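Subject: Structure handover

Hello,

Here is the structure for you to look through. My notes follow below it; please read them with the structure open.

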Amino acid sequence: MAKGNKQLSPDQSEELLARLKDRFEKNMNRHNGLEWAKVQDKLEANPEKLWSLHEMEGTGGEPDVMGLDGETGEYIFYDCSAESPKGRRSVCYDRKALESRKQHKPENSAMDMAASMGIELLTEEQYRELQELGDFDLKTSSWVQTPDNIRNLGGAIFCDRRYNTVFVYHNGADSYYAARGFRGSLRV
């Protein structure tokens, strides 16, 4: 999609900001000490980031502020839906994995979807950080950024929460399942 198309209408922006504000206020444990007005100012000054949040919301991610980077001044959003976002499941890990499948290809890959939305997959560390604030992926799993040494051998990693524990697993990067999607992050 051309960069010019990555802007919301005033009504879409207003609706999304209201939804994000409501989520922010209901989940203060995720961002203690932060003020919504400052977050909103930053979002309004970066309409392409607001568009990315709209994409996260539209695919079921329920994005919320997870913190503020003290060095860059950027607010950090993660997908905070209880399960891996519904609109981002049944995808393999990346384009190379998608192209390697000879039959029964998924429609997309996690890395391609994230790039088209202007977001990044969570890292394992970010995934664990999210899990400290609640119980996520009790029935689903989420691809996370995979180190090159694993990906170069054909694998990819994903995480979930079972038995009150966060597990990290591996799979062929070309695999995909109805219950596996990905969670993203966005810096604004």
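Asp137 sits in the loop that joins α6 to β4. This is a predicted model. Is Asp137 buried or exposed? Buried means under 20% relative accessible area, and Asp137 has 0%, so Asp137 counts as buried. Not counting residues up to four places away in sequence, Asp137 touches a list of residues that includes Ala82, Ser84, Tyr127, Gln131, Cys159 and Arg183. With Ser84 there is a polar pair: a polar atom of the Asp137 side chain lies 2.8 Å from the backbone nitrogen of Ser84. Arg162 is also on the contact list of Asp137; the two are 25 residues apart in sequence, and their C-alpha atoms are 8.2 Å apart.

Gln131, another of the residues touched by Asp137, belongs to helix α6, residues 124–131. Its relative accessible area is 4%, so Gln131 is buried as well. A polar atom of its side chain lies 2.8 Å from the backbone oxygen of Phe136. Beyond neighbours within four places in sequence, Gln131 is in contact with Phe136, Asp137, Arg161 and Val166.

The other item is helix α5, residues 110–117, where Ala110, Met113, Ala114 and Met117 are buried. Seen down the helix axis, the buried residues of α5 fall within an arc of 100°, so they line one face of the helix. An α-helix has 3.6 residues a turn, so residues three or four places apart point the same way. Among the elements that cover the buried residues of α5 are α3, β3, β4 and β7. After α5 comes Gly118, with a positive phi near 80°.

Regards

Notes
Residues numbered from 1 in each chain as written. Predicted model: local features only at pLDDT ≥ 70, side-chain atom pairs only at ≥ 80, totals over all residues. Heavy atoms only, no water. Buried < 20%, exposed > 50% of the residue type's maximum accessible area, 1.4 Å probe, protein only. Helix = DSSP H or I, 4+ residues; strand = E, 2+ residues; numbered from the N terminus. Arc of directions from axis to C-beta. Contact = heavy atoms within 4.5 Å. Polar contact = N/O pair within 3.5 Å; in protein donor to acceptor, adjacent residues only side chain to side chain.
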